[in-house]
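Keep the sequence and the 3D view open together.

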Amino acid sequence: VVNELHSDLTETALFAAVERLVGVGVWVYDSESETLSATDEAARISGCESPAAMTLDDIIDCFHPDARSAVRAAIADAIGTGSAFERVWRLDSDEPRWVRVYGEPVDSEGSSRLHGAIEEITEQRRHEGRLNALFETNRRLLDAETPPAVAEVAVTAAADVLGLSLNGVHLYDPTADALKPAAISDAAQEAFGEPPTFAAGEGIAWTVFETGEARVFDDVRAAD
């Protein structure tokens, strides 16, 4: 008995370790009792407080309000038709989080049940979002017909896609022999006011323009 108990505990611990390693949690839903049991990893991923038996409504409340009807419909359809499903839904969280949920019907002891898995794909969705934003930026750049228009697109992309809220673009004016502001983000405008014009030989901006070499500073006030 002791050996069997030790084996069960070891298998449970090993299963939990594998779940954490691959980032996938497992769940089982019983349609007769309308309860769902989940592993610790599934509960962690979903944001539900307890991995113990929960009601269907408890589980659905873990998802974003816009996704709840789709979650309920997918589960009902799987039970009703005996078909598996795979869906991507957003969770109900302060920061946007997405999960991929797999479900498959299984008959056990005469009751209709589903078992499945859940994995978080938030980073994947963010990556896809950034790629789509970059494709859209590329399209807007192709449509831009003047240097100031290109500068506006670049400023918007730097803020929205790269998260560089404080940014701006200066363009060289050969008549004035100076770098003149062409576009600036709203956050930069609010923080610094009207951007300056850099005359020949003036400031870091001119040095970078003249040498063609980027420079990075943790604190621009400490620059030479």
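Start at Arg 90. Its charged end sits over the ring of Trp 98, 6.0 Å from the ring centre. A charge sits over a ring when NZ of Lys or CZ of Arg is within 6 Å of the ring centre and within 35 degrees of the ring normal.

A word on the source. This is a predicted model, in which local features need pLDDT of at least 70 and side-chain atom pairs count only at pLDDT 80 or more, while totals for chains, interfaces and linings use all residues. Residues are numbered from 1 along each chain as its sequence is written, and side-chain values use heavy atoms, with hydrogens and water left out.

His 64 touches Arg 90, Leu 91 and Asp 92, leaving aside residues up to four places away in sequence. Contact here means heavy atoms within 4.5 Å. His 64 lies in the loop between H3 and H4. Helices (H or I, at least four residues) and strands (E, at least two) are DSSP runs, numbered from the N terminus. Is His 64 buried or exposed? His 64 is buried, because its relative accessible area is 18%. The cut-offs are under 20% for buried, over 50% for exposed, and partly exposed in between (1.4 Å probe, protein chains only).

Now look at Phe 63. Phe 63 and Trp 89 form an aromatic pair, one of 5 in the structure. The geometry is edge-to-face: 5.7 Å centre to centre, with 80 degrees between the planes. Rings of Phe, Tyr and Trp (its six-membered ring) pair if their centres lie within 6.5 Å; planes under 30 degrees apart are stacked, over 60 edge-to-face, and the rest tilted. This pair links distant parts of the chain, 26 residues apart. Phe 63 is in the loop between helix H3 (56-60) and helix H4 (65-81), and Trp 89 is in strand E4 (residues 85-90). Phe 63 counts as buried because its relative accessible area is 5%. Trp 89 is buried too, at 7%.

Move on to helix H5 (residues 122-143), where Leu 131 lies. With a relative accessible area of 34%, Leu 131 is partly exposed.

Finally, take the whole chain. The protein chain has 8 helices and 9 strands. Of its 224 residues, 27% are buried. Among contacts with a separation of 6 or more, 35% are between residues 24 or more positions apart.
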